[in-house]
Amino acid sequence: MVTTSGLGKLYEKTVKERIEAVAGACNLPPGAVAELESSMDPAMAKILDLMVENVIGAFQIPLGVATNFVINGKERLVAMATEEPSVVAAASNAARMARSHGGFVADPVESLMIGQVQLVDVDDAGAAIATIKGNEKRIIDVANEQDPVLVKAGGGARRVDAFKVDTSVGAMVDVHVVIDCLDAMGANAVNTMAEKVAPLLCDITGGRPLLRIISNLAVHRVARARATFDKELLGGSEVVAAVIQAVEFANHDMYRAATHNKGIMNGASAVVRATGNDTRAVEAGAHAYAAWGHPYRPLTRFRVDPAGNLLGEIELPVAVGIVGGATKAHPMAQLCLRIMEIDGAQTLSQVVASVGLAQNVAALRALAAEGIQKGHMKLHARKLGR
Ligand code: NAD
């Protein structure tokens with residue numbers, strides 16, 4: 001039993017001291033202390049200690065590589081960090097089914113993120129919105145002064161939108177500063193800009209800025225990819241027809257749609273995690289986008305081509321970067337970017353979308369043809385040494 005959770009200024013201690021403090025509080029056996037200590041070598045301990053607070057060890061997650069991917073004509077090995085069995089195998093298998101039809105085609109993706117400023121106590125929301133639009137250039141200039149590095153690289157604030165939001169505590173104005181984050185995911189850059197433009201918005205509208213933060217509903221950073229999955233490799237026209245029926249179920253049933261999209265994120269999040277990007281940001285964006293302007297629905301669409309093959313398309317916001325955050329700090333993230341030959345945030349989001357589509361097809365095929373447990377349990381048995 002933990003004697004106390006009040007461990008004082010744990011953050012001021014070294015990693016070794018913290019392990020001792022936790023071991024003492026939890027009465028851990030010497031073997032557990034050694035396990036924590038050996039979970040990271042001294043160099044890694046230094047890096048991890050800078051990344052989050054109160055570090056006492058490293059939690060390892062398997063890093064797999066998915067094969068068979070061709071994306072926009074380029075062969076790619078895909079790094080996937082996931083604890084879930086079958087995910088890497090399934091992605092590789094679905095990519096194989098798309099390979100003979102040219103693989104995945106992904107559209108260009110802009111790196112535009114939204115910084116939100118919530119203005120409350122606004123007398124006349126309509127007038128405030130007009131004033132904000134009239135001062136758009138000033139607002140953009142103030143935002144851009146905060147990040148000369150981003151601006152010099154060609155990014156920065158692009159435009160300002162404003163919307164009235166009626167609430168039970170009065171009308172508010174929702175200001176969107178739309179920022180090109182280039183190769184960054186952009187949360188820090190956007191949050192800084194949102195905070196800095198808030199006083200100006202207060203001056204010109206008389207409203208009171210409350211929340212100033214990035215929106216994870218990254219509707220201006222949507223990745224789209226499509227592929228043709230071979231009818232024979234899928235298991236024949238009956239399987240293709242069953243997949244279409246399965247998708248129609250998800251199109252009309254939110255209980256199924258949630259699981260359908262979870263299957264997509266099995267692949268997408270594994271790539272996001274392998275590159276040190278923020279899985280929660282991408283997942284929040286994906287699920288919110290699934291319900292953006294319509295009831296919650298699948299992030300993929302399917303139809304059958306004249307030859308009977310399965311045509312799949314995916315569309316989801318993918319806010320990821322290759323500079324900043326843990327992508328730069330974590331050596332494994334850097335290595336994964338190298339394995340995948342990622343040259344920019346756009347390419348990474350195209351890979352994430354393609355893997356999400358592949359993962360979805362693999363799950364749909366398995367569910368419609370044989371049930372998901374067969375493959376899952378084979379790997380599970382391997383884990384249990386049976
Ligand atoms: P960052 O601030 O570490 O790096 C981005 C900065 O790098 C830019 O502002 C710019 O100054 C510089 N830069 C240099 N070259 C660049 C280039 N080619 N393209 C773009 N920028 C370049 O990182 P970030 O991407 O602003 O923030 C990401 C982190 O924020 C993630 O770790 C995420 O977990 C975290 N976060 C997320 C949320 C959220 O999603 N709601 C909120 C807060 C923080």
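I began with where the ligand sits: domain 2 (63-108 + 221-383) and domain 3 (112-215) both give residues to the shell around the ligand, so it lies between them. The domain bounds come from an automatic or database domain assignment.

I noted that this is a predicted model, where local features need pLDDT of at least 70, side-chain atom pairs count only at pLDDT 80 or more, and totals for chains, interfaces and linings use all residues. Residues are numbered from 1 along each chain as its sequence is written, and side-chain values use heavy atoms, with hydrogens and water left out.

Next I looked up the shell. I found 20 residues around the ligand, and the closest are D147, G186, N188, N216 and D278. A residue is near if one of its heavy atoms lies within 4 Å of the molecule.

I then sorted the shell by class: 11 residues are nonpolar, 6 polar and 3 charged. Asp, Glu, Lys and Arg count as charged; Gly is among the polar ones.

Which helix gives the most to the shell? Helix 8 does, with 4 residues. Helix 7 (148-152) and helix 8 (187-205) each supply at least two. Helices are DSSP runs (H or I, at least four residues), numbered from the N terminus.

I checked polar contacts last (pairs of N or O atoms within 3.5 Å). A polar side-chain atom of D147 is 2.4 Å from a ligand oxygen. A polar backbone atom of D183 is 3.1 Å from a ligand nitrogen. For A189, a polar backbone atom lies 3.1 Å from a ligand oxygen.

Definitions and conventions:
Polar contact = N/O pair within 3.5 Å; in protein donor to acceptor, adjacent residues only side chain to side chain.
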